[in-house]
Amino acid sequence: MRKSSLKNSLKKSPKNSRKVESDPDSIMIVCAHSDDQIFGPGGTIAKYSKEGKKLFTIIFSYGHISAPLLKKEVIISARVKEAKDVDKLMGGTGVVFLGLDENKFIEQFRSKKMYPKLKKLILEKRPSRIFTHSHDDPHPDHRALNNLLMETLDRMRYKCDVYAFDIWTVFNTKRRNYPKIVIDISDTFKLKIKALRMFESQKLSLFSLMWSVYLKAWILGKKNGFKYAEAFYKIR
Ligand SMILES: [Zn+2]
């Protein structure tokens with residue numbers, strides 16, 4: 001054995017070379033609040049599901065702080081049920097809530113030891129594509145989640161494609177450097193709307209935003225020659 005090849009073989013010790021291969025049919029959605037998974041990539045994931053891909057959703061919080069008038073337990077059970085019902089409608093394989101408090105993602109991700117939990121889920125599902133919030137989203141929880149997820153993927157040295165979605169804005173000119181991907185969701189847009197309407201516990205805030213969901217999908221569609229579309233930035 002030549003010196004250099006010995007060096008190479010030492011470098012590739014079993015521990016270091018244990019590379020996890022991603023599953024081309026596995027798609028993961030990682031978001032902050034229940035309904036983000038539909039608001040953002042709803043039409044796209046419905047499309048993938050119809051193609052036979054496996055969808056799995058991870059939601060960081062129950063979003064109970066945004067509804068202070070109702071009891072925490074009531075909100076939590078309502079959110080879990082809605083998310084599971086929506087997942088069934090979309091043909092997903094499951095939803096997991098990490099149970100972090102809103103506005104406290106960064107500190108609680110550490111104090112509640114979420115890294116091993118998230119890592120385990122990623123290794124179990126082996127997604128080839130992850131859909132998540134963008135790093136410059138106006139919502140602080142969305143930005144924090146992007147940081148924590150990217151940190152986790154780096155720490156695990158896990159390789160997969162990561163696509164970022166915006167909830168509020170149609171275009172973000174700050175991200176010209178990332179390739180933009182436009183998905184034709186004309187066939188699944190109705191399903192996206194149906195899913196959004198299933199988030200009963202968020203009726204008030206959500207239904208007032210419905211017009212923006214139509215407008216955004218329509219503008220993106222019109223610009224790209226489709227009836228309705230969703231757009232993502234490929235951030236990795
Ligand atoms: Zn959100």
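Strand β1 (residues 23-31) and strand β4 (residues 127-133) run parallel and are joined by five bridges, with R129 of β4 as the bridge partner of I27. Strands here are DSSP runs of E with at least two residues, helices are runs of H or I with at least four residues, and both are numbered from the N terminus; two strands count as paired if DSSP finds at least two bridges between them. The model is predicted, and for that reason local features need pLDDT of at least 70 and side-chain atom pairs count only at pLDDT 80 or more, while totals for chains, interfaces and linings use all residues. Residues are numbered from 1 along each chain as its sequence is written.

β1 also runs parallel to β2, to which six bridges join it, and in β2 the bridge partner of S26 is K54. From β2 the pairing continues to β3, again in the parallel sense, over four bridges, and here F97 of β3 is the bridge partner of I59. These strands belong to an open sheet of seven strands with mixed pairing, in the order β3-β2-β1-β4-β5-β7-β6. Its edge strands, β3 (95-100) and β6 (180-184), each pair on one side only, and neighbouring strands of the sheet are turned by 25° against each other on average, direction ignored.

β2 is mostly covered, with seven of its eight residues buried, where a buried residue has 20 or more other C-beta atoms within 10 Å of its own, an exposed one 12 or fewer, and a partly exposed one a count in between, the C-beta atoms being placed from the backbone. Helices lie across the sheet: α5 lies across β2 (54-61) and β3, running at about 150° to β3, whereas α11 lies across β6 and β7 (229-234), running at about 80° to β7. Such angles run from 0 to 180 degrees between N-to-C directions, and the axes are lines fitted to C-alpha atoms, for helices over the stretch in contact.

Which residues of α4 are buried? They are G42, G43, T44, I45, A46, K47, Y48 and S49, and because eight of the nine residues of helix α4 (residues 42-50) are buried, the helix is largely enclosed by the rest of the structure. Just after α4, G52 takes a positive phi of about 95°.

The axes of α4 and helix α9 (residues 189-197) come within 8 Å and cross at roughly 115°. The contact is made by G42, G43 and A46 of α4 together with F189, L191, K192 and A195 of α9, two residues being in contact if their C-beta atoms, placed from the backbone, lie within 7 Å.

In α9 the buried residues are F189, L191, K192 and A195. They cover an arc of only 155° around the axis, taken from the directions from the helix axis to the C-beta atoms, and so they lie on the same side of α9. What covers them includes α3 (36-39), α4, α5 (72-90) and α11 (210-224). L191 counts as buried because it has 21 C-beta neighbours inside 10 Å, and L191 and K47 are 9.7 Å apart in space, C-alpha to C-alpha, although 144 residues apart in sequence.

Over the protein chain, the secondary structure comes to eleven helices and seven strands, and buried residues make up 39% of the 236 residues. Of the contacts in the chain with a separation of 6 or more, 79% are between residues 24 or more positions apart.
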